[in-house]
Amino acid sequence: MAEKKSRSAIRIKSSERERKKSAAKRDSATNRNKGQSVSEEEEKESLAWKVLSEEQTQSLKELTVHELEAKLAEVLSIENYHISLPEACVLDHYVAGFWFAKEQNFTLQQISAFFTLLKEMLDNIKEKQFSLVDSIQKFKSLLAGIGVENCPLNGGLECFDVNQAKLITDYFTDSLFQHYKLYQFLFTQEPQEEVVITELEVEVPPLASIPFPPPLDEGMTEEMWREHVMTPPQSPQPEEQTEGEKEQSGQEAHSDNVAHSKDQTAQNILSSIEPTQVKNIVKKVADEVLGNFQVAEVEVRLKERETVLAAKIGKLQPR
């Protein structure tokens with residue numbers, strides 16, 4: 001009887017252990033189902049307002065392209081896009097996508113959700129290093145549920161309709177997926193550094209005679225230097241003349257003296273003559289020079305010239 005009781009007790013304990021194991025399995029299964037349901041709920045959340053808030057989206061929508069580029073660089077903390085090629089490409093990706101959503105007249109919620117989609121698809125390449133096939137599958141999962149009410153596989157873009165989903169698909173096909181290898185190369189390969197050397201010739205002043213040039217406070221103006229410091233030029237010495245030059249200079253001096261004496265006598269003579277005498281002398285000389293000149297011949301020639309000119313004038317007048 002004791003052996004039967006011990007065996008029955010062992011059977012009871014083993015059955016209790018099996019019940020505990022089954023209960024533990026059920027709890028773990030329920031926890032898994034809860035985790036899956038939580039993850040599904042997280043996936044079902046809308047992608048709007050995750051990267052850009054409503055206020056930021058409204059302010060960005062009112063900017064121009066250049067202002068939008070500067071503001072998005074500030075919001076996304078992209079500081080070196082002026083000199084860094086990867087950062088410039090990332091910023092260009094966001095600016096082009098935001099401007100596309102603005103041109104399609106999307107609402108603020110749709111623009112914010114589309115911008116979140118831009119960021120997630122780019123992070124799949126940059127951070128997660130997805131292949132093209134994986135990125136397309138992820139893109140399809142995010143577009144799931146558009147145009148379907150109460151869809152359990154909603155990807156978070158339920159704010160769009162079917163036509164808008166086609167536009168988004170075409171945009172990503174032409175922009176990101178078509179240049180997917182370029183984006184992979186951009187984020188996986190380090191750019192080569194190019195060193196540009198330019199030779200520049202610079203003219204320098206000649207070396208000073210002393211170890212160091214004089215200080216600038218000892219400088220002076222050019223006028224003061226010419227007046228007080230510059231050595232005056234030496235006066236030229238008279239050259240020695242030869243005998244021929246001396247004779248020539250003596251003759252020139254003698255001729256100058258004779259001409260000067262003649263001028264002096266002429267001035268003395270003119271100063272001694274009265275005005276009436278000067279008139280008489282001039283009249284006498286004029287009569288001697290013009291005595292042979294006949295006045296009648298001059299009048300005849302003037303009349304002939306007048307006749308010729310009158311005939312020419314008559315021809316020129318209109319009839």
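The side chain of Q110 makes a polar contact with the side chain of Q164, at 3.1 Å. A polar contact here is a pair of N or O atoms within 3.5 Å; within protein, one atom must be able to donate a hydrogen and the other to accept it, and residues adjacent in sequence count only if both atoms are side-chain atoms. The model is a predicted one, in which local features need pLDDT of at least 70 and side-chain atom pairs count only at pLDDT 80 or more, while totals for chains, interfaces and linings use all residues. Residues are numbered from 1 along each chain as its sequence is written, and side-chain values use heavy atoms, with hydrogens and water left out.

Q110 lies in helix 5. Helices (H or I, at least four residues) and strands (E, at least two) are DSSP runs, numbered from the N terminus. Q110 has a relative accessibility of 8% and therefore counts as buried; buried means under 20% relative accessible area, exposed over 50%, and partly exposed in between, with a 1.4 Å probe and protein chains only. Leaving aside residues up to four places away in sequence, Q110 touches C159, F160 and Q164, where a contact means heavy atoms within 4.5 Å.

The secondary structure of the protein consists of 12 helices and zero strands. Of its 319 residues, 18% count as buried. Among contacts between residues at least 6 apart in sequence, 64% join residues at least 24 apart. The accessible surface comes to about 26500 Å², and carbon and sulfur atoms account for 54% of this area. Accessible areas come from the Shrake-Rupley method with a 1.4 Å probe; for residues, only the protein chains shown count as cover.

Confidence is given by pLDDT, the predictor's confidence in each residue, from 0 to 100. The protein has a mean pLDDT of 76, and 66% of its residues reach 70 or more. Over residues 1–13, pLDDT stays under 50, and the model has zero contacts beyond four places in sequence for them. Over residues 32–43, pLDDT also stays under 50, with three contacts beyond four places in sequence.

The structure holds 13 aromatic pairs. Rings of Phe, Tyr and Trp (its six-membered ring) pair if their centres lie within 6.5 Å; planes under 30 degrees apart count as stacked, over 60 as edge-to-face and the rest as tilted. The pair of F106 and F114 is edge-to-face because the ring centres are 6.4 Å apart and the planes stand at 70°. F106 is buried, with a relative accessible area of 1%, and F114 is buried at 1% relative accessibility. Y171 and F172 form another edge-to-face pair, with 5.9 Å from centre to centre and 90° between the planes. Both Y171 and F172 are buried. One aromatic cluster is formed by F100, F106, F114, F139, F160, Y171, F172 and F177.

In helix 8 (residues 180–188), the buried residues are Y180, Y183 and L186. These residues cover an arc of only 125° around the axis, so they lie on the same side of helix 8. The arc is that of the directions from the helix axis to the C-beta atoms. K181, L182 and F185 are exposed on the other side of helix 8. The buried residues of helix 8 pack against helix 4 (85–103), helix 5 (108–126), helix 6 (132–143) and helix 7.
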